[in-house]
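Dear colleague,

Here is the structure for your files. Please open it alongside this message; my notes follow below.

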Amino acid sequence: QVQLVESGGGLVQAGGSRTLSCAASGSIFSINAMSWYRQAPGKQRELVASIGSGGSTMYADSVKGRFTISRDNAKNTVTLQMNSLKPEDTAVYYCYSLVTTTARVTTRYWGQGTQVTVSS
């Protein structure tokens with residue numbers, strides 16, 4: 001089993017910054033992609049940013065230039081640095097990882113979600 005635990009959510013004023021972290025633990029052999037998704041009330045879950053095992057990154061157009069995703073492969077963690085936050089960034093943010101377990105099974109895992117609220 002693999003667990004993803006997120007931290008760092010909370011209330012922030014527009015224009016401010018927030019850092020989200022996600023730590024993966026359990027029967028991990030390797031982690032492929034690590035990503036952050038978000039879901040605002042009444043909207044579908046959307047991909048915010050993703051980082052491959054080699055460090056390649058991609059971002060949603062709405063966050064390009066404001067958010068930065070990074071990972072520490074030794075610690076199995078992924079971080080989302082969010083700057084210049086806007087009220088429309090308000091959402092529950094979910095960590096996602098594509099993990100190959102020690103049983104050599106590749107499975108998608110999700111964190112429990114962390115709320116980020118940006119006040120105007």
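Thr-107 sits in strand β10. Keep in mind throughout that this is a predicted model. Thr-107 is partly exposed, with a relative accessible area of 28%. Leaving out residues up to four places away in sequence, Thr-107 touches Ser-97, Leu-98 and Val-99. Gly-54 lies 53 residues from Thr-107 in sequence, and their C-alpha atoms are 19 Å apart.

**The disulfide**

How many disulfides are there? The count is one. Cys-22 and Cys-95 form it, with their sulfur atoms 2.1 Å apart. The pair joins distant parts of the chain: Cys-22 belongs to strand β3 and Cys-95 to strand β9, 73 residues apart. The link between Cys-22 and Cys-95 is left-handed, with -80 degrees about the S-S bond.

Are the two cysteines buried or exposed? Buried means under 20% relative accessible area. Cys-22 has a value of 1%, so it counts as buried. Cys-95 has 0%, so it is buried too.

**The nonpolar core**

The largest nonpolar core has 30 residues. Which of them touch the most other members? Trp-36, Leu-80 and Tyr-93 do. The elements that give two or more residues to this core are β1 (2–7), β3 (18–26), β4 (28–39), β5 (46–51), β7 (67–72), β8 (77–82), β9 (91–101) and β11 (114–119). In soluble globular proteins, nonpolar side chains tend to be buried together.

Tyr-93 deserves a look on screen. Setting aside neighbours within four places in sequence, Tyr-93 contacts Trp-36 and Leu-80, among others. Its contacts also include Glu-6, Leu-20, Tyr-37, Arg-38, Val-48 and Phe-67. Met-82, Gly-113, Thr-114 and Val-116 are on the list of Tyr-93 contacts as well.

**Positive phi angles**

Most residues other than glycine have a negative phi. Two residues to check here are Asn-76 and Arg-104. Asn-76 is not a glycine, yet its phi is positive, near 55 degrees. Asn-76 is in the loop between β7 and β8. Arg-104 is not a glycine either, and its phi is positive at about 65 degrees. Where is Arg-104? Arg-104 is in the loop between β9 and β10 (106–110). The cut-off for exposed is over 50% relative accessible area. Arg-104 has 51%, so it is exposed.

Best regards

Terms used:
Residues are numbered from 1 along each chain as its sequence is written. This is a predicted model: local features need pLDDT of at least 70, side-chain atom pairs count only at pLDDT 80 or more; totals for chains, interfaces and linings use all residues. Side-chain values use heavy atoms; hydrogens and water are left out. A nonpolar core is a set of buried Ala, Val, Leu, Ile, Met, Phe, Trp, Tyr and Cys residues joined through side-chain atoms within 4.5 Å. Buried means under 20% relative accessible area, exposed over 50%, partly exposed in between (1.4 Å probe, protein chains only). Helices (H or I, at least four residues) and strands (E, at least two) are DSSP runs, numbered from the N terminus. Contact means heavy atoms within 4.5 Å. A disulfide is a pair of cysteine sulfur atoms within 2.5 Å.
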